[in-house]
Amino acid sequence: MQENQKTNSPIYDLIILGASGFTGKYVVKEALRFLSHPPLKTIALAGRNPTKLTQTLQWASHPNHPPPIPILTFNTSDPQSLLSLCRQTKLVLNCVGPFRLYGEPVVAACVEIGCDYLDICGEPEFMERMEAKYGEKAAEKGALIISACGFDSVPAELGLMFNSRQWEEPAVPNSVEAYLSLESERTIVGNFGTYESAVLGVANAGSLQQLRRSRPRRARPVIPGPTPPKGPLIENQKKIGLWAVKLPSADSVVVRRTLAALTENPHGLPGVSESAEQIEKREAFWSTMKPTHFGVKIGSKSLLGVFRFIVVGIFIGLLGQTAFGRWLLLSFPSIFSLGWFRKKGPSDDEVRSASFKMWFVGHGFSNSTLASPGNVKPDMQIITRVMGPEIGYLTTPIILLQCARIVLSQRDNLPKGGVLTPGIVFGPTDLQARLQENGISFELISKSALS
Ligand SMILES: NC(=O)c1ccc[n+]([C@@H]2O[C@H](COP(=O)([O-])OP(=O)(O)OC[C@H]3O[C@@H](n4cnc5c(N)ncnc54)[C@H](OP(=O)(O)O)[C@@H]3O)[C@@H](O)[C@H]2O)c1
């Protein structure tokens with residue numbers, strides 16, 4: 001393994017860990033699009049199996065000849081191999097999951113060395129555990145540790161901020177519900193890695209509750225108006241033409257952590273070495289962000305589609321509780337996910353033909369003076385939408401790479417370190433504009449009065 005021990009300065013701008021995985025290979029493909037364009041000059045691929053990594057590089061470069069990118073080996077069970085990787089790079093992109101099984105040693109090594117870290121995790125328990133365990137040390141060492149830099153949970157975080165900015169004074173939002181709709185002319189399929197992460201997440205829901213109980217309560221934002229009612233299990237959202245049911249994804253948890261961080265730091269988090277102009281820009285950005293209640297639902301054009309979501313939810317929720325149930329779920333993913341997850345993952349064609357729409361339906365008050373904790377009903381609705389290509393293997397790599405390019409090019413404007421959410425770190429940067437340039441759109445759909 002190559003190592004720059006003499007100068008102690010990193011050889012690589014970034015190393016992609018788990019590059020041979022299903023998502024990892026699409027991340028490599030996206031990284032190659034930006035290689036040799038500042039700030040991304042040098043990258044390396046890392047994994048357990050050099051042959052698989054070489055094949056990944058060939059696949060990702062096709063039809064071109066693979067560029068001369070170093071292949072490094074590591075195993076999450078070997079801390080020395082991880083420390084060695086972290087010494088060689090400014091930034092780690094971690095695609096090794098499930099994160100609850102393999103993520104902690106990677107975070108620990110990055111924090112120890114003080115190197116920055118982004119991942120595509122969608123597992124709340126892992127993220128909150130890393131925050132509790134490594135938050136202080138990461139801040140001290142100057143390591144920026146940011147999970148959920150993929151479809152989980154950047155569209156939700158930036159989409160909510162985009163909706164929030166549409167509420168111009170004196171109007172204020174009270175609640176925003178995001179409705180996710182997955183679309184394809186072919187079959188919508190996810191790889192086993194995501195399914196396994198979800199099953200293990202459900203199985204360990206108790207440890208998340210325990211972790212939360214053991215930690216001091218985070219600050220809660222003051223939200224104008226009443227707490228919105230729970231609503232029916234299945235909702236018919238006529239305005240956007242979807243039937244929908246609650247989606248227990250990481251998004252609302254990550255957004256809540258961002259809102260807590262913002263409540264504790266109303267001007268956002270200071271950059272490690274910001275200019276006066278940048279400070280003004282950051283503070284102006286956060287002054288437009290109005291906290292709201294937030295939830296996420298998954299939608300379908302037909303009621304039958306929603307029943308399929310419910311059936312899969314019941315399978316995972318019930319069978320995930322016992323070892324035998326988990327064995328069944330993980331041995332027969334296609335059966336228990338009703339075809340949504342496959343051991344081999346989707347084909348390239350299936351990936352290319354899929355897309356997503358995430359609608360943000362905001363309810364609030366045309367004038368903040370109308371908002372009271374009493375029984376006042378919102379009188380205004382603002383609908384916005386984030387839209388993009390397939391979520392797991394196209395949108396996720398696009399987001400991860402743009403986050404990485406921001407870390408590499410705007411490090412002075414970002415916090416010195418800490419275990420943080422993408423929203424609190426990237427909110428005031430140009431991430432939204434970068435995503436728009438790369439095929440993920442943010443649109444205002446309608447502003448209307450409610451009777
Ligand atoms: N945020 C999002 O929206 C989003 C989207 C997609 C995926 N994800 C998450 O990304 C993770 C990966 O998913 P996937 O479908 O790509 O899974 P995958 O195909 O199974 O890939 C897992 C990768 O981890 C590597 N790995 C496993 N154990 C390791 C160890 N002990 N040491 C070093 N490397 C190890 C594997 O290496 P080998 O190749 O050697 O086996 C492989 O490269 C999952 O947690 C999934 O939930 C999130």
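Trainee: Where do I start with a sheet?

Mentor: Strands of a sheet pair through backbone hydrogen bonds, either parallel or antiparallel. Here the model is predicted. Seven strands make an open sheet with mixed pairing, ordered S9-S10-S11-S7-S13-S14-S16.

Trainee: Which are the edge strands?

Mentor: Strand S9 (234-237) and strand S16 (441-449), each of which pairs on one side only. From one strand to the next, the twist averages 25°.

Trainee: How many bridges join S7 to S11?

Mentor: Seven, between residues 172-184 of S7 and residues 293-300 of S11. These two strands run parallel.

Trainee: Which strands does helix H9 lie across?

Mentor: H9 (residues 251-264) lies across S7 and S11, at about 160° to S11. Helix H15 (residues 391-409) lies across S7, strand S13 (354-365) and strand S14 (380-389). Its angle to S14 is about 100°.

Trainee: And how do I describe two packed helices?

Mentor: Two packed helices are described by the angle between their axes and the distance between the axes. Take helix H11 (residues 303-319) and helix H12 (residues 323-331): the angle is about 140° and the axes are 8 Å apart. H11 is therefore oblique to H12. Phe315, Ile316, Leu318 and Leu319 of H11 meet Gly325, Arg326, Leu328 and Leu329 of H12. By class, that contact has six nonpolar, one polar and one charged residues.

Trainee: How many residues surround the ligand?

Mentor: 30, the closest being Gly21, Thr23, Gly97, Gly150 and Gly193. The shell has eight nonpolar, 19 polar and three charged residues. Helix H1 (22-34), helix H4 (99-113), helix H7 (192-203) and H15 each supply at least two of the shell residues.

Trainee: Now the backbone. Which residues does a cis peptide bond join?

Mentor: Pro38 and Pro39, with omega about 5°. Pro39 sits in the loop between H1 and strand S2 (43-47). The bond from Glu169 to Pro170 is also cis, with omega near 5°. Pro170 is in the loop between helix H6 (154-165) and S7.

Trainee: What is phi of Ser36?

Mentor: Near 80°, a positive value in a residue other than glycine. Ser36 lies in the loop between H1 and S2. Phi of Ala148 is positive too, near 65°. Ala148 is in the loop between strand S6 (144-146) and H6.

Trainee: Is Ala148 buried or exposed?

Mentor: Buried, because 29 other C-beta atoms lie within 10 Å. Ser36 has 10 other C-beta atoms within 10 Å, so Ser36 is exposed.

Technical notes
Residues numbered from 1 in each chain as written. Predicted model: local features only at pLDDT ≥ 70, side-chain atom pairs only at ≥ 80, totals over all residues. Pairing = 2+ DSSP bridges. Helix = DSSP H or I, 4+ residues; strand = E, 2+ residues; numbered from the N terminus. Axes fitted to C-alpha atoms, helices over the stretch in contact; angles between N-to-C directions. Contact = placed C-beta atoms within 7 Å. Parallel < 35°, antiparallel > 145°, perpendicular 65-115°, else oblique. Nonpolar A, V, L, I, M, F, W, Y, C, P; charged D, E, K, R; others polar. Near = placed C-beta within 6 Å. Buried ≥ 20, exposed ≤ 12 C-beta atoms within 10 Å, placed from the backbone.
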